[in-house]
Amino acid sequence: MSMLPPTPGASPGPIARLRSLRSVAVRTPDAAAAAEFYQHIWGLNPVEADTGVTWLRGTSPEHHILEVRRADANALGKIAFSVATPREVDEAAFRLRAHGVPLVAEPGPLDQAGGGYGLRFTDPENRLIELSADVEAVVVRDPNGLEAVPRKLAHVVLNTVDIDAACDFYTRVLGMRISDWSEHQMAFLRCNSDHHVIAFNQADWTSVNHMAYEMPSIDHFMRGIGRLRHHGVTPLWGPGRHGPGNNTFGYFGDPAGLVCEYTSEVEQVDEDAWLCRVWRRVPELSDLWGTAGPPSTDVRTRMAGTPDAGGWWEK
Ligand SMILES: [Fe+2]
């Protein structure tokens, strides 16, 4: 995609056309236990490892969908999105400056697992965002096979202290679209046909609410939940099916204290026909099947996470 430079005085427009949510990085004191869990129980595969850090993939060609890194406290490492070409990365840098958003890392080759060409900046709550192109792909691993393992990272839900400011930045600067609201409590944002890849939840502090991994079918989803049960890991909430996004959900706690979700059948959006809705927050819409019941205090507490001021990259 080629974009014209912004007209002086006009809004610079979105910085790029985000193609997909690539990966999320988490930082935690219990990185070894978390990596072990995601590999041996959750169903991801390590693609690279170094001292205190593991990169894990799903069955899709994405080089990695999760990075788990040892750190002093639980925190978001970064969220990575793909763009089509290195040229778009360069254009995004130009447009970020026009938006007054400072770069944490200028466009250039990424010195990390999977390589690629990218840049980094922060959002209004100091979350680190990476845009990249030309990241190494990996050979697809039988994505619709018998094994009940995740295909890709489906979405990341972020607790925000200002949901309107968050939505403004992610739509106006990142070019994402709001698919649905859950009253004025949650907003679901897309960058492609998936109903949402990011959702914001209005909260008392900035943190990660949960990360969701997509199973290729509802059967894989249920068998994945079954495998976890055999490992003595039972859902904190679910299985059920959400109203907004119409996706199935089963939420679990990982050893790092973060909440992870299996999901499937995420609603696909026709960009030309979609109308954003506002869902009421009632039990029959939070869980269309009526199987999950309301979320417990325990899962709500875990989803609230711990306050995350970001800034680890400055130390
Ligand atoms: Fe979710």
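Start by selecting His220, Phe221, Gly224, Ile225 and Leu228 in helix H4: these are buried (20 or more other C-beta atoms, placed from the backbone, within 10 Å of the residue's own; exposed means 12 or fewer, and partly exposed is in between). Look down the axis of H4 and the buried residues fall within an arc of 140°, so they line one face of the helix (the arc is taken over directions from the helix axis to the C-beta atoms). Helices (H or I, at least four residues) and strands (E, at least two) are DSSP runs, numbered from the N terminus.

A word on what you have open: this is a predicted model, where local features need pLDDT of at least 70 and side-chain atom pairs count only at pLDDT 80 or more, while totals for chains, interfaces and linings use all residues. Residues are numbered from 1 along each chain as its sequence is written.

The face turned away from the buried side carries the exposed residues Asp219, Gly226, Arg229 and His230. Back on the buried side, the cover includes helix H1 (31-42) and strands S14 (237-241), S15 (248-253) and S16 (259-263). Past the end of H4, click glycine 232, with a positive phi near 80°.

Next, zoom out and colour domain 1 (20-133) and domain 2 (152-304), bounds that come from an automatic or database domain assignment. Between them, 27 residues of domain 1 are in contact with 27 of domain 2 (C-beta atoms, placed from the backbone, within 7 Å). On the domain 1 side, strand S1 (20-28), H1 and strand S5 (75-82) each give two or more residues.

Methods
Contact = placed C-beta atoms within 7 Å.
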